[in-house]
Amino acid sequence: MSKDRIIFVTKEDHATPSSAELVEEDPNDPYEEQGLILPSGEINWNCPCLGGMASGPCGTEFKDAFSCFQYSKEEVKGTDCLEQFRVMQECMQHYPELYPQEDEKVLTEQSSETDQTSQDSALAEISGANMTSTTDHVSDTTEPNTKNSVGH
Amino acid sequence: MLKCRTVWKKLAPLARAPSTVCRQNVKRAGLNNGRTPVHVPVAHMSTGFAGGGWDNQLYILLLGATCVGGGIYVYNLIKEDQQRYQNRMAQILSRSEKAAIEKTAVSIQSELSEELSPPAEAVAPGETTEPPQVILTEPAGETPATEPPKPQPDIVAESVGSTPAKPKVPSHAPYLLIGGGTASFAAARSIRARDPGAKVLIVTDEPDLPYMRPPLSKELWFSDDPSVTETLRFKQWNGKERSIYFQPPSFYINSEEMDSSENGGVAVLTGKKVVHMDVRGNKVKLDDDTEISYDKCLIATGGVPRNLQVIERAGDEVVKRTTLFRKVEDFKSLDKVSRNVKSITVIGGGFLGSELACALGRRSAESGLEVIQMFPEKGNMGKVLPEYLSNWTTEKVKKEGVKIISEALVKSVTYKDDRLEIKLKDGRLVKTDHIIAAVGLEPSVDLAKSAGLEVDSDFGGYRVNAELQARSNIWVAGDAACFYDIRLGRRRVEHHDHAVVSGRLAGENMTGANKPYWHQSMFWSDLGPDVGYEAIGIIDSSLPTVGVFAKATAKDTPKAATEQSGTGIRSESETEDTAISPVASPTSAPTEEQHKDDYGKGVIFYLRDKVVVGIILWNVFNRMPVARKIIKDGEEHADLNEVAKLFNIHDD
């Protein structure tokens, strides 16, 4: 018997739920890749979802603005962070190559190397939209999709 | 060792003489304690055993003379060494003096005109004589005399040469990353994210800023832009265009500004190679003799393409018609070559070889370029894919316009009549114009010796632990790292995503994280429009595999049919019969008819001791997290078909 087995299955064959057992996930596993927000509540600046925002020339300004936004307790989140965002914008204007100056696409373009969906969610967060916890799906989107030769 | 031998040879005749004479004397004196050798060397002096008192005196005289002679010789030897040592010390000192003088010379020149500088330096050599004299003791009276004349012309020459300002290499970098590739860039980003204001220095011997490698053998070849070799931009899967460079030059700071920059940054020193590493002193030396000290260091030196010995020995004409593909410059030159020759042969049937063959094969449609690919295995990706899939892939590669020569072992390559002749071991002869050798990567471990780092004998590369650490303050990531994978065991991985993952991890650990390699990296390959797969874990065709494929249903038939030959359609009707039987009973050995089946999409599990250690997602996408989970669990699954259900391979 060959060491390589082949099984052909139809859609109906796979219609019944799987009986394979998977080990339960530990959300606080320190080894795992973390999402945007760490279990401690801190921001994971190394999250692939942020692209290069926290590491670039305006990284410090970005971190200030984003932290302020994240911990903002205002009714409309981030309204007390306008100064930090202004400083960040000012810094970004010095690097038009890295941070293209179209308003809505400021962050989307620069982080084009990450997966689009995760970046859009990060962008939405920054512009004050409702922030969702990204601990679950972020790690999924770190891979390049096929044909997307991407570096994080 | 040779030195010892030559010294011994020098001393031996002297040693032999007194020893044999000694032995004779001992024998005569009757102090034979049994240790005299049975074999007394026959070829000794003519002074035989002639008896007589005066002979004794002669012997003693001779003995004494030889002893003194030996002593004088040894003394001279040592003195010579001492002199040599002192000369060397003087040289080193004068060199550092020279450097200091250079610096002052440069600063002087910036204010004065050039005519004034030689006199300024003329003063300097006078200074160099002082320190050497302090060190030099007794016999080296002659050495200082020879020293001063030397530095003078040297200094003048050097100062004239150094008027154009040299890019200053920082003398210290808190984070030093050796190598400017994917792993290094990922680490730099990680460090900057976690350590606010971090100052990261990347040192690379390439002239380019960090870039990603996969497009060099894929997307860049499919670009319609004729200036792609200059722009190096490609279209991603989502239609958006981007450069192969991770970041444009404005992202980086100048290495000279690094020290003074308040918020830190990433600086890249191009065209400089680290040649020596001093682990105790926490510093490295570059090929231009400058030194950089560090707090934390990452070695991400990647590797260099291997070559076939038969090509290396085949002479210049063959070598200059051979491409070892790895860097941007290789892409540029191969692009040019492919437009100017009639026939190209790729030697190697793995990822790089197959991708390049397909890329060139696509071009051949318009240009009439003959593309040949040859390898020792039976089919493309023979070491990666199980045989049936490897055969299927080979057919697809052929459809891309590539002439495949499988089970080919190259015996010799010769340059004849302005063409290359490749002779195979089985006698086949292939004539071509240019060769691409894609036969593997040799990890760059040049620093192992000076740094005292361990090199792995099984996989090659620097040996590191699960946290990617080689020694205190030294980490290794990317192609050059042979690391311990907690789940899958010790391994070395040469894929892009691994470079990203390991680079990130190294960066995290360099900033205090202490996390082991845990998030399993993946890889992917595209061989033309039909074959696209993603894979994770250990993908070795020598392991037993279980493949679960979506059966071509009536719905899929039109799409599948367009790609299938006549035989394919025939086999479909055969499989329709087997569809009725329950799928839980797995089919036994792949039979001939199944070989012709359309392996359109599915999941292939690679097993080691009944545990899944590798998974290929064959034309099914966005399922990688499930695959990663299964490998992470490391469980034994009784029925892999049930596991396959988790992938929903029938959905799009």
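**View 1. A nonpolar surface patch of about 250 Å² is built from A:Tyr31, B:Tyr484 and B:Ile486**. Patch members here have over 30% relative accessible area and no salt bridge, with like charges joined within 9 Å and nonpolar side chains (Val, Leu, Ile, Met, Phe, Trp, Tyr) within 5 Å; a salt bridge puts a side-chain nitrogen of Lys or Arg within 4 Å of a carboxyl oxygen of Asp or Glu. Areas are Shrake-Rupley values with a 1.4 Å probe, and for residues only the protein chains shown count as cover. B:Tyr484 sits in strand 22 (residues 481-485) of chain B. Because its relative accessibility is 38%, B:Tyr484 counts as partly exposed (buried is under 20%, exposed over 50%, partly exposed in between; 1.4 Å probe, protein chains only).

A word on the model: it is predicted, with local features needing pLDDT of at least 70 and side-chain atom pairs pLDDT 80 or more, while totals for chains, interfaces and linings use all residues. Residues are numbered from 1 along each chain as its sequence is written, chains are lettered from A and ligands numbered from 1 in the order written, and side-chain values use heavy atoms, leaving out hydrogens and water.

View 2. Strands 19 and 22 run parallel and are joined by 2 bridges; pairing takes at least two DSSP bridges between the strands. B:Tyr462 has B:Ala481, in strand 22, as its bridge partner. Strands of a sheet pair through backbone hydrogen bonds, either parallel or antiparallel.

**View 3. B:Arg608 lies in strand 27 (residues 602-608) of chain B**. With 34% relative accessibility, B:Arg608 counts as partly exposed. Setting aside neighbours within four places in sequence, B:Arg608 is in contact (heavy atoms within 4.5 Å) with B:Leu488, B:Ile538, B:Leu543 and B:Val613. B:Arg306 is 302 residues away along the chain, and its C-alpha atom is 29 Å from that of B:Arg608.

**View 4. Residues 58-78 of chain B carry the UniProt annotation "transmembrane region", from an unreviewed entry**. In the model this stretch is 100% helix and 0% strand, with its end C-alpha atoms 30 Å apart. Helices (H or I, at least four residues) and strands (E, at least two) are DSSP runs numbered from the N terminus.

**View 5. Chain B as a whole has 20 helices and 28 strands**. Of its 652 residues, 48% are buried. Chain B exposes about 31,200 Å², with carbon and sulfur atoms supplying 54% of that area.

Notes. UniProt positions are given in the numbering used here, feature names are shortened, and annotations may be inferred rather than shown by experiment.
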